[in-house]
Amino acid sequence: NRPPAGERETYRMTESDAAGLGTNALIGLQRLWDEKAAGGIRRFVMWPGTYRVDANDHLRLPDDFTLDLNGATIRQNGFAGCRGAVIVFESAHDAHLVNGTVMGDLLEHDFAHSDHDSEWVLGVRLVGACRDCTVSNVVVRDVTGYGGSNGQGTDRRGKEQAFSVKFKGAW
């Protein structure tokens, strides 16, 4: 009774997975995505809900990986910084973000203590040598800076900017 090959490469997040993430889901989600990707999972389907993530870091999509938000919202916690991103494609290859919402910290941002008018706080960012990546049926909203960015310069590993990306749907 094995599921079809495509389903064997899909992981459906459970309510138990979601419950264990707490008020800062960034570390738990990143660990879960990385573990599943390393184990051969190519499509990760989120449990519906809102996931709050720390604004001092960002979520990174693994290579050869589709994150299906399944209607879920990834929401950035409020902060006073002028730079940041919610989800980053960092020199990613064949990475895809679909079916949900990425929400910035606009409603909670501390503008009074933020340098440079918070211009570089982003919803989705592509940086480095991205190849064959897509963002589809994703709403990016309430971001203090830009909803999306195609990156500048190099990623944290020093890879030069060079990418191919398609944005489709409610970008």
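I began with Arg31 and Glu35, which both sit in helix α3, four residues apart, or about one turn of the helix. I take helices (H or I, at least four residues) and strands (E, at least two) as DSSP runs, numbered from the N terminus. An α-helix has 3.6 residues a turn, so residues three or four places apart point the same way.

Ground rules before I go on. I am reading a predicted model, so local features need pLDDT of at least 70 and side-chain atom pairs count only at pLDDT 80 or more, while totals for chains, interfaces and linings use all residues. Residues are numbered from 1 along each chain as its sequence is written, and side-chain values use heavy atoms, with hydrogens and water left out.

**Entry 1: salt bridges**

I counted a salt bridge when a side-chain nitrogen of Lys or Arg was within 4 Å of a carboxyl oxygen of Asp or Glu. By that rule I got four salt bridges. Side chains of opposite charge can pair when their charged atoms come close.

Arg31 and Glu35 make one of them, with the closest N and O atoms 3.8 Å apart. For accessibility I used buried for under 20% relative accessible area, exposed for over 50% and partly exposed in between (1.4 Å probe, protein chains only). Arg31 comes out partly exposed at 45%, and Glu35 is partly exposed at 46%.

Next I looked at Arg43 and Asp68, whose side chains meet in a salt bridge at 2.8 Å, N to O. Arg43 is in strand β2 and Asp68 in strand β5, so this pair ties together parts that are 25 residues apart in sequence. Are the two partners buried or partly exposed? Arg43 is partly exposed at 30%, whereas Asp68 is buried at 8%.

I also noted Asp57 with Arg60, closest N and O atoms 3.6 Å apart. Asp57 is partly exposed at 31%.

**Entry 2: helix α3 itself**

I checked the span of α3: 13 residues reach 18 Å from first C-alpha to last, close to the 18 Å expected at 1.5 Å a residue. The expected span is 1.5 Å times one less than the number of residues. In α3 I found Leu26, Gly28, Leu29, Gln30, Leu32, Trp33 and Ala37 buried. The buried residues of α3 pack against α2 (15-19), β2, β3, β4, β5 and β6 (73-76), where contact means heavy atoms within 4.5 Å. Gly40 follows α3 and has a positive phi, near 100°.

**Entry 3: aromatic rings**

I paired rings of Phe, Tyr and Trp (its six-membered ring) if their centres lie within 6.5 Å; planes under 30 degrees apart count as stacked, over 60 as edge-to-face and the rest as tilted. Searching the whole structure gave me three aromatic pairs. Trp33 and Phe44 are edge-to-face, 6.5 Å centre to centre with 70° between the planes. Trp33 belongs to α3 (residues 26-38) and Phe44 to β2 (residues 43-45), so the pair links parts 11 residues apart in sequence. Phe44 and Phe65 make a tilted pair, at 6.3 Å and 35°. Phe65 is in β5 (residues 65-68), so this pair with Phe44 in β2 ties together parts 21 residues apart in sequence. I read 0% relative accessibility for Phe44 and 0% for Phe65.

Tyr11, Trp33, Phe44 and Phe65 form one aromatic cluster. Over the face of Tyr11 I found Lys36, 4.0 Å from the ring centre; a charge sits over a ring if NZ of Lys or CZ of Arg is within 6 Å of the ring centre and within 35 degrees of the ring normal.

**Entry 4: the sheet**

I traced an open sheet of four strands in the order β4-β7-β9-β11, with parallel pairing. β4 (59-60) and β11 stand at the edges with a single partner strand each, so one side of each has no neighbour in the sheet. Two strands pair if DSSP finds at least two bridges between them.

How many bridges join β7 and β9? I found seven, in the parallel sense, with β7 spanning residues 83-90. Across that pairing, Phe89 stands opposite Leu126 in β9, and Val88 stands opposite Arg125. β9 also pairs with β11 (residues 146-149) over three bridges, where Leu122 faces Tyr146. Six of the eight residues of β9 (residues 120-127) are buried, so the strand is largely enclosed by the rest of the structure.
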